[in-house]
Amino acid sequence: MNAHVVPCADLAEYRERADAWTGGLPFPVLSGPSLDRYRSLFPEGELPRVETAPRAGTVISVGGDAGAAGRLLAAATGRTHRVVEPAGLARALAPLAGELVAVVGLAEDITASGDWPGAHGPVVGVVTARELTALTCLVYRSLTAGAASEDRVFVATHPMLEDADLADTNEFEDVLGLGRRRPKLLVLKALGKECCAALPDGILCGRSDPIDAPPPPSDPSYRHMPCMYGAGCHRADLDEDRRLPAAELHATVVFTHSCSSIAVGTNAYPHHVALGLGLLEGTAVAVVGALGVHIVQRGAQGDLEDALAEDLPLGRAVERLNERARPINGWLNRFGLLGDPGLVLGLPGGRASDAGAEPAGAASRRDEEAVRDLAHLSNVVLPRLERLCWLEPGVDALAVEGFRIRVREAAEDLQAPDLASRVAGIETDLAAFQHATAAAIAHDIYVNGWNYGGPSLDGLREVSQRPATCPNCARDRAALITMRHVVHAGLTVRTLQCRRCGDLWWTSEESDEPAFVLEGALDTDAVSGRVTGLSRTLRNDSEHVLRGGIGFAFAMRRFLGLPPETSAPISVLPGEKEEFTAEIDLVGHQPRPDVHTGVFIAIVNGAYIASSSMMRLAPAGSSDPLRPPETNFR
């Protein structure tokens, strides 16, 4: 008899020893193929001692046969334990929402409960097997999880999938080699379904018996593979040596990305062929896998490695996978856990434990931000720029379409490792384009005059008008006017007009209350022979960083001796302000005294904002006129 384990000959002996077990006694296990496979990891024959460290959560056993196994798991880890019948599992789980719950039971009893146990609210790990000898060995392995395990990650990826070139292998031969080694984390990114995970040159099979062995009877309502009829493997292109029973693969934790690799309680195929259950008949202590149809999420592997390196229990690690996946693919990216959710494995060498590595989860958060930024570009900024092509004939429509193509290409792979840098590159180039556009508009204003709306002005029709107070003269004689284009229904322009002061501002932003505005005094006094500054402040009340360009020009004053246009890039954080000052050189330039009309224009986040300016120029030597109190307007 092994000093740390006592193999039991039958269920009666197992129950008796399980009821009497306490820490320090040999741990009871039913003899069978699963125990033999685990024993093969210890050539000297001494099986490891169980670890009795406390684990978080609760243990619930389903069905009478699993009660002894669940009792042992709970007793060894300091958790409460209860036994329920399959019909009562959902009711037992309902009050435990958010808690870690190890559901221990045979696969047929879990299926009889009617659903995947994780659907009922708790953070569930299902400790299960097709038959009782394998279940008792799984409980034992989960209590000796640190034994005979190499602290490394091995990744096998189908060559059709993304990042295949980064995997340890794309070939079945190397997966066969895992029958001789046991990595702590095996990642399988393959094509498959409940019964298998496949590479082009081989298949990992859920069956633990020979392919030509007669299967046990099963419900005819299940989907049956050819092997269940004695017709061999459905991969008729492969010889038998290209089929590896999952039970013969060594790994501590297996992370599968093939569809429906976790299907206990929701299985459409007989448990006899289930891939996840086959893996649990080998040396794995847990399987993390896809629930239902699955879209491979590239960042999931790194998230799991981070969680293990942070010493999160397996249940919390899978909970993190689901939280990170939900905003991306939702229903098509659900993960489940076969194994004890309270087990802490650790992963030295994981991403989060690398020297100098960024904090765990930082990459995923950055990618989520990049996706949001890309959506803002696609759904807000670029449509505005496309509308701007109607308002300003000088806007390069082909360049705008080029940005649309870049955004579309970036969106084709939202899990690309360089997504954040690609989005940042688009934003940088788009800001530069908007600055160049603002500079070109300012130059045209200086040479040819200002005509907000350009060729589309005749197509704009007033759709609303409401009274407003003029911020310049402070009288109730202004109106906020909204116009919409008769052909392009999405093209809306708003302007604030005063019966005394005239133009105050124009904007192509679609909001009734513009989220970013130019503020500053309409009338400014200046004296010939001096350098004066005309300013506007760009205020950002939106939730996004404003990027683009801002400029100023005197309207059609090139031939009247006024200084040329000026412009600059501008960036304003949400809730912040940035001031732009146009330095007006009235020393090197000698325009005649007059009221010179100018325009501040900004192209930011696709919107075109214009703010009028009146420079009241007095001759040199005259006393400075009294300035009225400065007021802000928008």
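First, the ground rules. This is a predicted model, in which local features need pLDDT of at least 70, side-chain atom pairs count only at pLDDT 80 or more, and totals for chains, interfaces and linings use all residues. Residues are numbered from 1 along each chain as its sequence is written, and side-chain values use heavy atoms, with hydrogens and water left out.

Now the sheet. Helices (H or I, at least four residues) and strands (E, at least two) are DSSP runs, numbered from the N terminus. Two strands pair if DSSP finds at least two bridges between them. With that, there is an open sheet of 4 strands in the order S4-S3-S5-S6, with parallel pairing. Its edges are S4 (80-84) and S6 (123-129), each of which pairs on one side only. From one strand to the next, the twist averages 20°. Inside the sheet, S3 (residues 58-62) and S5 (residues 100-106) are joined in the parallel sense over 5 bridges. Ile 60 is found opposite Val 103 in S5.

Helix H6 (residues 132-142) packs on this sheet and touches S5 and S6, where contact means heavy atoms within 4.5 Å. The direction of H6 makes about 130° with that of S6; axes are lines fitted to C-alpha atoms, for helices over the stretch in contact, and angles run from 0 to 180 degrees between N-to-C directions.

Next, Glu 281, in the loop between helix H8 (275-280) and strand S14 (286-290). Is Glu 281 buried or exposed? Buried means under 20% relative accessible area, exposed over 50%, and partly exposed in between (1.4 Å probe, protein chains only). Glu 281 has 8% relative accessibility, so it counts as buried.

What does the side chain of Glu 281 make a polar contact with? The partner is the side chain of Ser 208, at 2.6 Å. A polar contact is a pair of N or O atoms within 3.5 Å; within protein, one must be able to donate a hydrogen and the other to accept it, and residues adjacent in sequence count only if both atoms are side-chain atoms.

Glu 281 also forms a salt bridge with Arg 130, their closest N and O atoms being 3.0 Å apart. A salt bridge is a side-chain nitrogen of Lys or Arg within 4 Å of a carboxyl oxygen of Asp or Glu. Arg 130 sits in the loop between S6 and H6, so the pair ties together parts that are 151 residues apart in sequence. Arg 130 is buried too, like Glu 281.

By this rule there are 24 salt bridges. Another is between Arg 55 and Asp 340, at 2.7 Å from N to O. These two residues are 285 residues apart in sequence, and both are buried. Elsewhere, Glu 519, Arg 539, Asp 541 and Lys 577 are linked in a network of salt bridges.

Last, the aromatic rings. Rings of Phe, Tyr and Trp (its six-membered ring) pair if their centres lie within 6.5 Å; planes under 30 degrees apart count as stacked, over 60 as edge-to-face and the rest as tilted. The whole structure has 11 aromatic pairs. In one of them, the rings of Phe 403 and Phe 433 have centres 5.7 Å apart and planes at 55°, so the pair is tilted. Phe 403 is in helix H12 (residues 397-411) and Phe 433 in helix H13 (residues 419-448). Both Phe 403 and Phe 433 are buried.
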